[in-house]
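Here is a short tour for anyone who likes to see how a chain is put together. Please keep the structure open while you read.

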Amino acid sequence: MKKYLEQMKKIDLIKSISLQDIELYLAEGSWKVSQYEKNNIVHFVGEACSKLEIIIFGEVVIERIDESGNLMTITEFFSGDILGGNLMFSKKPYYPMTVTAKKSTLILEIDKEHLFQLFSTNHEFLKNYLEYVADNTVILGNRIKHYVNRTIRESVISYLNYEHKKQNTNIIKINMTKKALAERIGVQRTSLSRELAKMRDDGLIKFDSKFIEIIDTSLLNQSEPMSQ
């Protein structure tokens with residue numbers, strides 16, 4: 001565990017806590033570290049949220065299945081991100097969606113009672129915590145709104161806008177399978193393939209298994225790019 005202590009100290013929320021205190025909290029059990037392998041479920045839908053969780057390394061996603069059976073990835077969390085930050089203080093502190101590890105992930109767990117103690121004794125920790133929760137509540141709300149009542153084409157255009165800005169090119173490299181891309185956008189693989197073919201026939205894009213080329217540049221900034 002000692003090899004992870006320095007990595008913990010790099011996380012913004014934990015910076016205000018000394019290495020000595022971190023070691024003490026881990027030893028006494030008020031802090032705990034859990035390992036999740038790729039595709040392990042971190043939390044099931046309806047599971048009670050009773051602790052704060054901070055990702056030390058790895059990646060987890062929040063997913064839901066819509067009425068048509070499509071798996072939709074709502075958002076991703078990476079090193080330094082928090083799970084359950086505001087949910088645990090809700091009157092109904094239950095995870096509304098499945099939380100899954102997308103790769104090998106190490107998560108620091110802080111029990112609720114100890115979290116209250118940190119709030120009382122470490123005001124810098126409290127300040128950083130409130131800033132994170134406030135910022136990410138807005139971001140997650142916006143992400144969910146992006147997926148609601150959006151057509152498949154609008155979702156594809158949003159994805160292309162984001163990747164265009166990220167990769168700085170009209171030829172977007174696809175670093176995932178068609179199935180994974182469909183899950184990220186929130187549609188079935190067959191529906192995505194059909195829409196891409198329609199967009200190609202309309203002269204908007206060209207594509208193969210590894211790239212999507214934006215032909216009609218009016219697509220850019222046509223739809224607000226999806227938040228990642």
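**Ground rules**

This is a predicted model, in which local features need pLDDT of at least 70 and side-chain atom pairs count only at pLDDT 80 or more, while totals for chains, interfaces and linings use all residues. Residues are numbered from 1 along each chain as its sequence is written, and side-chain values use heavy atoms, with hydrogens and water left out.

**Overall make-up**

Let us begin with the whole chain. The protein chain has 228 residues, and 45% of them are buried. Here buried means under 20% relative accessible area, exposed means over 50%, and partly exposed lies in between (1.4 Å probe, protein chains only). The secondary structure comprises seven helices and eleven strands; these are DSSP runs, numbered from the N terminus, with helices (H or I) of at least four residues and strands (E) of at least two.

The accessible surface of the protein chain is about 12,200 Å², and carbon and sulfur atoms hold 52% of that surface. Such areas come from the Shrake-Rupley method with a 1.4 Å probe, and for residues only the protein chains shown count as cover. Among contacts (heavy atoms within 4.5 Å) with a separation of 6 or more, 70% join residues 24 or more positions apart.

Four strands form an open sheet in the order 1-8-3-6, with antiparallel pairing. Its edge strands, each pairing on one side only, are strand 1 (31-36) and strand 6. Two strands count as paired if DSSP finds at least two bridges between them.

Strand 3 (residues 51-57) is mostly covered, with five of its seven residues buried. It runs antiparallel to strand 8 (residues 105-111), and six bridges join the two. One of the partner pairs is L52 with I110 of strand 8. Strand 3 also pairs with strand 6 (residues 82-83), again in the antiparallel sense, over two bridges. There, I54 stands opposite I82, and the bridge partner of E53 is L83.

**Two nonpolar cores**

A nonpolar core is a set of buried Ala, Val, Leu, Ile, Met, Phe, Trp, Tyr and Cys residues joined through side-chain atoms within 4.5 Å. The largest one has 41 residues, and the members that touch the most others are I14, W31, L52, I54 and V60. A second, separate core of 19 residues includes V156, I157, L160 and I185.

Leaving aside residues up to four places away in sequence, its contacts include V42, I55, F77, L83, V99 and I107. Also among them are T75, E76, T100, A101, K102 and T105.

In helix 3 (residues 112-121), the buried residues include H114, L115, L118 and F119. They lie on the same side of helix 3 because they cover an arc of only 150° around the axis, where the arc is that of the directions from the helix axis to the C-beta atoms. The face turned away from this buried side carries the exposed residues E113, S120 and T121.

**Salt bridges**

Seven salt bridges are found in the whole structure. The term stands for a side-chain nitrogen of Lys or Arg within 4 Å of a carboxyl oxygen of Asp or Glu. Three of them are listed here.

| Pair | Closest N and O atoms |
|---|---|
| K51 and E109 | 3.3 Å |
| R153 and E195 | 2.7 Å |
| D202 and R153 | 3.1 Å |

K51 in strand 3 and E109 in strand 8 are 58 residues apart, and their pair links distant parts of the chain. K51 is partly exposed at 26% relative accessible area, whereas E109 is buried at 6%.

Which residues are linked in a network of salt bridges? They are R153, E195 and D202. R153 lies in helix 5 (residues 152-167) and E195 in helix 7 (residues 189-201), so their pair ties together parts 42 residues apart in sequence. D202 lies in the loop between helix 7 and strand 10 (205-207), so its pair with R153 ties together parts that are 49 residues apart in sequence. R153 is partly exposed, with a relative accessible area of 24%, E195 is buried at 10%, and D202 is partly exposed at 49%.
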